[in-house]
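Please read the points below alongside the model.

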Amino acid sequence: IVLKREDSVFVSSRFNLREKYTVSIAGEVMKSDTVEWASNMHLQDLIIMAGGLTDAASPKRINVIRRVKDSNPLSKLSPIARSFEFDINKDLKSNDSAKDFILEPFDKVFVRTLPGYEIQRYIYLGGEVLYPGTYAITFKNEKISDAIKAAGGLTAEAYPEGGTVIRRNLVEKFDRDQQREQLKLISKSTDSTKLAKLINNQQKDISEPVGINLDKIIVNPGSKYDLLLLDGDSIKVPQKLETVSVKGQVLYPVKIRFDRHNDLSYYINAAGGFSKRAAKKRTYIVYANGSVKSTTRFFLFNNYPSVKAGSQIFVPDKGEKPPISAAELVGLTSGLASIAVLIFTIFRK
């Protein structure tokens, strides 16, 4: 080719004419990462680039997963990946098979966790226990009764029926921009640190009450009411409660002295009665232990739940009723007319 003025000659690298070669490592290493592959790269090299093994790592079970490029599409038994397993020491000394093993492009290395390895887990006991404070979960099957026993039991002023467990619950809080950024990172799969940070930022720690029957747990430890403890649980035992709150669609929301001889109607009347907007049949009670009971219906009568000390009575708003449309009005009129004709016919006979 004869060159002319203003021509450009470009000599391409053979590395620019193929997909970028990478290898990745995950699991019990200091920093899970995806790095550029290099020829003659060993397993130990990749572990060093990941900052080494964590205290929880099981060096006797390190897996390398490799792509298969020549799988037989006509055979159901044809492998779709190859797996290699190696045994190394914490100081990265390995047997001969691991020393001679060379990583190939797109290999993925997984460092497993030691069997039986557990980090410390804690709970908190507060309120009317002899020794409130933070306690460790020492066994996997530890229950509420075990924690109460470790705290020395309840004080004389404790109200077991009001005992509750506050449990942590991680929920996702995505928005559109974060979703787009996460999908972009996943597709690139090169910045795992930033991806992990993004995911952690999208997790919101919400604490919510769990209704328990602490009075029954104290009497019968290990029963079906005795829940297993989870990391971060907070058990709270209140003092004896002497009031009941009435909220929502009543004439005068108020706190009233508890009297075990009175039912829900008494407390509603003490708050001035239902307002015009009250949804009476949807009235519900939140008990001191966090459990909830709603009103049930039997024929034409409302069956209200019982009231206990520390209860909160909620009367919901029945909301605005939508106006009757022309079609509904015609249908209602036609139905009434049909019933009137039927009654007239019956009595005429």
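The notes below start with the basis of the model and then turn to particular residues.

1. This is a predicted model, in which local features need pLDDT of at least 70, side-chain atom pairs count only at pLDDT 80 or more, and totals for chains, interfaces and linings use all residues. Residues are numbered from 1 along each chain as its sequence is written, and side-chain values use heavy atoms, with hydrogens and water left out.

2. The protein has eight helices and 17 strands (DSSP runs, numbered from the N terminus: helices are H or I of at least four residues, strands E of at least two). Of its 349 residues, 29% are buried (under 20% relative accessible area; exposed is over 50%, partly exposed in between; 1.4 Å probe, protein chains only).

3. Six aromatic pairs are found in the whole structure (ring centres of Phe, Tyr or Trp, the latter by its six-membered ring, within 6.5 Å; planes under 30 degrees apart are stacked, over 60 edge-to-face, the rest tilted). Y21 and W37 have ring centres 5.7 Å apart and planes at 75°, so this pair is edge-to-face. Y21 lies in the segment before β1 (22–27) and W37 in the loop between β2 (33–36) and α1 (43–49), 16 residues apart. Y21 is partly exposed at 24%, and W37 is partly exposed at 22%.

4. The rings of F84 and F101 are tilted, because their centres are 5.0 Å apart and their planes at 55°. F84 is buried at 17%, and F101 is buried at 10%.

5. T283 lies in the loop between α7 (264–270) and β13 (284–286). T283 has 0% relative accessibility and therefore counts as buried.
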